Amino acid sequence: MNLRSYLSTLSDAGELLTVAQPLDPRLELAGVIHGLSEQPVLFTNVSGSRYPVVAGLCSRRENVARGLGVARERLLESMRTALRSPIPPPLVDEAPCQEVVEQQVHLLDLPALLHLSSDGGPYVSAGVVIIRDPDLGRNMSFHRLLRLDDRRFAVRLVEGRGTHSALHRAGGELEVAICIGNAPAVLLAAATSPPPGVDELGIANALQPTPLARCLTVDLQVPAEAEIVLEGRITGQTVAEGPFLDLTETMDQVRQQPVIEVQCVTHRRDAIYQALLPGGLEHKLLMGMPREPSIFDAVSRVCECTNVLLTTGGGAWLHAVVQIRKRDANDGRLALEEAFRGHGSLKHAIVVDEDIDIYDPERVEWAVATRLQADSGVLLWSDQPGSSLDPSARHVQGLKSTTAKMGIDATIPWRKPTGEPRTVIERQTFLRQGYSPVALDSYKVEKARHA
Ligand SMILES: Cc1cc2nc3c(=O)[nH]c(=O)nc-3n(C[C@H](O)[C@H](O)[C@H](O)COP(=O)(O)O)c2cc1C
């Protein structure tokens, strides 16, 4: 499935909105996307741009599932399978993304959005960046791109991630291809961090067929069905990048970051530009979803994990709820320890039993309220590696940020405070009781009228 067939799928499902009136990519477009709660939307008339703009394509799990052709409940399993067994993508000669070739680069033609007046400038926010690490091979990831002028971007490379390490290993310069307008499989695969040497394009291809094309001016391969491809190189030059509204809905700081020079633009005929609202639901879902299988696999090493959710309240990055089928008194604690190994940026995690609906925050809070004793069920760790996006963490330029971490075991305790195991009857006292449903239409219920 490519971006266009995905748009048709969304349209058939009644999920795609269109806006035909002219809109300004400076502030107005982001405001309208936000106002529409990031529902998938196609803007056909963007001021100063020959490209239509789509946004909000992966802002709901249901739609991501449609894009992968699986049921919503199977998403985590599909991601686990693709991560475990990537499939090498085929190479094609005729690539839709190269229908039009522009050797004269005009980045000002791209409808890069100015999202907030406090941002450092207009940003390409849904650009998927492909490079080749001299030792580890191909790497694909998201990097926000601040448009500097008609040929150059500043690129945010988080320290230690694939592109940052590859640039360092390559001696400070790298060829790059930036793909804009991608199907959900490519977007999700770009947000994964598999073990070194595992090809993220193989992960995309395992999720949905993703043929590749050779770039024209750099020695790289890109998804052949991308809408727009920018070929160029990451240079040794750095400039100030930021501020930028990031995942945690706080402003990320200004840093010196590398400059990308673009030398060639290729695109489909009538190409569609893809935008993504920074700090919004889509940003969170794409960041968080690929980490859920990593946490699931880590927890599964020590006990039976049944589900994992990175919650949007925690930016889908800092907070996880882990559901387990508890078989031993220590399973909750062990699950917490492994959850933090499964996702290095995780800051707080709650582990619950299988009877708790992890998609309902009230139920998770109920488990904390009724199953936790904080002096035994809360685990704390100081001075751990943390996320650069958490404003309360300790940040030193060029070094990994550090933070405290907390795990909450909200599973039913298997032992009494005195140490002996509970009986089955005693465990019953922890189960949620409720009312049986009634057929309301057999009752005459009316609105009271004032006399
Ligand atoms: C929408 C979106 C925007 C992102 N922006 C950046 C960014 O600007 N810089 C960065 O280093 N990582 C960014 N990320 C995170 C990386 O793409 C992600 O962590 C990826 O897994 C890194 O892959 P790697 O570990 O193989 O390098 C972004 C992720 C998403 C989903």
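A: What follows starts with the ligand and then moves on to other parts of the chain.

The model is a predicted one. Around the ligand there are 20 residues, and R161, G162, S193, E200 and R291 come nearest. Sorted by class, this shell holds eight nonpolar, seven polar and five charged residues. Two elements, β7 (137–142) and α8 (281–288), each supply at least two residues of the shell.

The side chain of N139 has an N or O atom 3.0 Å from an oxygen atom of the ligand. For R144 the atom is a backbone N or O, and it lies 2.8 Å from a ligand oxygen. In R291, an N or O atom of the side chain is 2.7 Å from an oxygen atom of the ligand. On its own the ligand has 640 Å² of accessible area, and the protein covers 93% of that.

E200, one of the residues that come nearest to the ligand, is also among the buried residues of helix α7. That helix spans residues 200–207, and it is largely enclosed by the rest of the structure because seven of its eight residues are buried. Besides E200, the buried residues of α7 are L201, G202, I203, A204, N205 and L207. The N-terminal end of α7 is capped by D199, with a side-chain oxygen 3.1 Å from the backbone nitrogen of L201.

Helix α3 (residues 61–68) is also largely enclosed by the rest of the structure, since six of its eight residues are buried. Those buried residues are R61, N63, V64, A65, G67 and L68. After α3 comes G69, which has a positive phi, near 70°.

Two loop residues come next. S125 belongs to the loop between β5 (123–124) and β6 (128–133). With a relative accessible area of 11%, S125 falls under the 20% limit and therefore counts as buried. A polar atom of the S125 side chain lies 2.8 Å from the backbone oxygen of L276. A170 is in the loop between α5 (162–169) and β10 (174–180). The relative accessible area of A170 is 32%, so this residue is partly exposed, as the value lies between 20% and 50%. A170 and S5 are 165 residues apart along the chain, and their C-alpha atoms are separated by 37 Å.

Searching the whole structure gives two cavities of 30 Å³ or more. The largest cavity holds about 100 Å³ of space. Its lining is made up of 15 residues, and M1, N2, A183, V186 and E225 lie nearest the centre. By class, the lining of the largest cavity has 10 nonpolar residues, four polar and one charged. In the second largest cavity there is about 50 Å³ of space. The residues that line the second largest cavity are R50, Y51, E102, H106, L107, D109, L110, L230 and V265. They divide into five nonpolar, one polar and three charged.

Technical notes: Residues are numbered from 1 along each chain as its sequence is written. This is a predicted model: local features need pLDDT of at least 70, side-chain atom pairs count only at pLDDT 80 or more; totals for chains, interfaces and linings use all residues. Side-chain values use heavy atoms; hydrogens and water are left out. On a 1 Å grid over the protein atoms alone, a cavity is a set of points where a 1.4 Å probe fits but cannot get out, and a pocket is an open set with protein on both sides within 12 Å along at least five of seven lines; lining residues have an atom within 4 Å of a point. Grid points are joined across faces, edges and corners, and a volume is the space filled by probe spheres set on the points. Ala, Val, Leu, Ile, Met, Phe, Trp, Tyr, Cys and Pro count as nonpolar, Asp, Glu, Lys and Arg as charged, and the others, Gly among them, as polar. A residue is near a molecule or strand if one of its heavy atoms lies within 4 Å of it. A polar contact is a pair of N or O atoms within 3.5 Å; within protein, one must be able to donate a hydrogen and the other to accept it, and residues adjacent in sequence count only if both atoms are side-chain atoms. Accessible areas come from the Shrake-Rupley method with a 1.4 Å probe; for residues, only the protein chains shown count as cover. Helices (H or I, at least four residues) and strands (E, at least two) are DSSP runs, numbered from the N terminus. Buried means under 20% relative accessible area, exposed over 50%, partly exposed in between (1.4 Å probe, protein chains only).
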